[in-house]
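Good morning. I will go through one model today, and I will keep to what can be computed from it or read in its record.

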Amino acid sequence: MHHDPRTHLAAAARDFYARGWMLGTAGNLSARRDADAFWITASGRPKDQLGAEDFVLMNLRGQVVQAPPGRKPSAEVAIHEVVYRHVPDAQVIFHVHSIEANLCGHFAQQGRLRLPTLEMLKGLGVPDAEPRVDLPVFANHVNVPRIAEDMDRAFAQALPRVPGALIHQHGVTAWGPDFLAARHHLELLEYCFRYLVQAKALAIGV
Ligand SMILES: CSCCC(=O)C(=O)COP(=O)(O)O
Ligand SMILES: [Zn+2]
C-alpha cells in the first residue's frame, strides 16, 4: 500500500454507512500493512466518522501491535485473522450487515447459499456459462472466536470459490487483493443478496 490504509478504510466505511450496511456501529473493515500485520477498525466506533484514532494494528497471531488510547480492536478481529491466514492474496477485508444478507441466510441449505446464475458472477471470479456456485454460510455465535474457529476449519478443507462468506443472522465478509477489488466483491455479493430476496418475493426460481 502506498498510502496509509486507514484513510482508505475510513472512506470505505463512510460509503458503506451511507448505503445502510454499517448502521449503529455495525461491521468492521481491515487492510494488511504487510505480511504479518493489518489495520482494523476499533470496536464500537461510528462508521460514518472514523478518524486515524479509530484503527488498531494487529499481527496475525492475534496480538495488538499498536492501539490508540482507549481503543480495542474489533470484537470480530479473529475472523479477519482467519481470512488473512488462509488467503494470501487478501489485502483488504470488508464485513458489513445488510438486511438482504440477513434475509438470505434463511435461504441457505446445509451451510451453503446457492448464488443466482448471473453474468455478474464473473466479477467474483466465476466465468462459467451456467454457474453453480455456493457461498459458505456459518452459524453465528455470541463468542466470536467460535465463528472464526468454524471458518478456520472450513477454509483449511477448501477455500470458498468466491471471495466471501456469510454469517447467519449477522452479515457478510468479503475480501480482495486491493481496496477496489474488495469493494467490487462486496457490491456483487450484496447485489446477489438483493436479487435473491426479490426473486423469492416474486416466487421466481433462480
Ligand atoms: C452493532 S453490531 C454488533 C457487533 C458486530 O457484529 C460488528 O460487526 C461490529 O463489531 P465491532 O466490535 O467491530 O464494532
Ligand atoms: Zn459483525
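Which domain does UniProt place at residues 7-197? The unreviewed entry gives "Class II aldolase/adducin N-terminal" for that stretch; UniProt positions are in the numbering used here, feature names are shortened, and annotations may be inferred rather than shown by experiment.

This is a predicted model, in which local features need pLDDT of at least 70, side-chain atom pairs count only at pLDDT 80 or more, and totals for chains, interfaces and linings use all residues. Residues are numbered from 1 along each chain as its sequence is written, chains are lettered from A and ligands numbered from 1 in the order in which they are written, and side-chain values use heavy atoms, with hydrogens and water left out.

On confidence: the chain averages a pLDDT of 97, where pLDDT is the predictor's confidence in each residue, from 0 to 100. The complex has an ipTM of 0.99 and a pTM of 0.97.

Now the metal. Which residues are the protein donors of the zinc ion, ligand 2? They are Glu-76 through OE, and His-95, His-97 and His-170 through NE2, at 2.1 to 2.4 Å from the zinc. Donors here are N, O and S atoms within 2.8 Å of the metal (3.2 Å for Na, K and Ca); water is not among the atoms, so sites may look incomplete. Glu-76 sits in the loop between strand 4 (64-66) and helix 2 (77-86), and His-95 in strand 5 (residues 92-96), so this pair ties together parts 19 residues apart in sequence. Helices (H or I, at least four residues) and strands (E, at least two) are DSSP runs, numbered from the N terminus. Both Glu-76 and His-95 are buried; buried means under 20% relative accessible area, exposed over 50%, and partly exposed in between, with a 1.4 Å probe and protein chains only.

The largest nonpolar core has 40 residues, and Phe-16, Phe-94 and Phe-193 have the most contacts inside it. Such a core is a set of buried Ala, Val, Leu, Ile, Met, Phe, Trp, Tyr and Cys residues joined through side-chain atoms within 4.5 Å. Helix 5 (residues 179-201) gives the most to this core, nine residues.

Thr-25 is not a glycine, yet has a positive phi of about 75 degrees; Thr-25 is partly exposed, at 33% relative accessible area. Gln-110, also not a glycine, has a positive phi of about 50 degrees, and is exposed at 80%.
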